[in-house]
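Hi,

Here is the structure I said I would pass on.

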Amino acid sequence: MSRVGKKPINISNGVKVQRTAQQVSVKGPKGELSAQVHEDIGFEIKDNQVFITRSSDAKEIRSLHGLWRALMQNMITGVTEGYSRKLELVGVGYKAEMKGKKVQLALGYSHPILFGPPEAIKIETPTPTSIVVSGIDKQLVGQVAAKIRSFRPPEPYKGKGVKYEGEHIRRKAGKAAAAGAGK
C-alpha cells in the first residue's frame, strides 16, 4: 500500500464529499470543487473520513493512489480554508495596482501589463510592491501566481523582477573591473 494513499482524509464540519461515476465533488463554506477521477481509484466515506482505494498493484495505479489522496486533501482544504500565494515586486518603479478586477503591472517595460485573473481567483494589492493571489483551487492559484511571475522573473544580478514571498534568488557576481584594460 502507498504510505500517502492509505492515510485517511478527515472531513471538516460543513464539508460534503460526493462521488458519481467518474466525478468527485467537494462542497464547503468557501465554494465547490469537482474533478474527473481515474476509473481504477475508489473512494469510501466512513465516520467523517475519506479512504482512497485502488483496483490493482500496477505501478501506474500505485502512483495514482497517492496522487488522488493528495488531490482530495487539497480540495477539502481549499473549500474550508482556501489557498493564497504572495508575490513581491523588486525594482525601481516596479508596482502593481488594481483596475477593477484586473491588476495593472509596471515592470520596467515601455507599457503597463494588464492581467485579468480567471473567475475563481481573487487578486489583491495590499501595497504597491506586493500582490496576493487567493482562491479555493490550489493548482489554479499556483498557476496564476506563476503567470504573473513570468511577466518579469527575477534576474540573478540585482534580483529585480517578480518573486514569490520568501523566495531566495541565487545571485551572480557582476563583471569584475579589468585591472589591465587598454594595455
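This is a predicted model: local features need pLDDT of at least 70, side-chain atom pairs count only at pLDDT 80 or more; totals for chains, interfaces and linings use all residues.

Let's start with D47: with a relative accessibility of 75%, over the 50% cut-off, it counts as exposed.

D47 sits in the loop that links β5 and β6. Its phi is positive, about 50°, even though the residue is not a glycine. N48 belongs to the loop between β5 and β6 as well, and here too a residue other than glycine has a positive phi, near 55°.

What is the strand order in the open sheet? Reading across, it goes β1-β6-β5, three strands with antiparallel pairing. The edges are taken by β1 (9-10) and β5 (41-46); each has a single partner strand, so one side of each has no neighbour in the sheet.

And what packs on the sheet? That is helix α1, residues 59-80, which touches β1, β5 and β6. The helix direction makes about 160° with that of β6.

Back to the pairing of β1 for a moment: β1 and β6 (residues 49-54) are joined by two bridges in the antiparallel sense. If you want a residue pair to look up, take I9, whose bridge partner in β6 is V50.

That's what I have so far.

Cheers

How values were computed. Residues are numbered from 1 along each chain as its sequence is written. Side-chain values use heavy atoms; hydrogens and water are left out. Two strands pair if DSSP finds at least two bridges between them. Helices (H or I, at least four residues) and strands (E, at least two) are DSSP runs, numbered from the N terminus. Contact means heavy atoms within 4.5 Å. Axes are lines fitted to C-alpha atoms, for helices over the stretch in contact, and angles run from 0 to 180 degrees between N-to-C directions. Buried means under 20% relative accessible area, exposed over 50%, partly exposed in between (1.4 Å probe, protein chains only).
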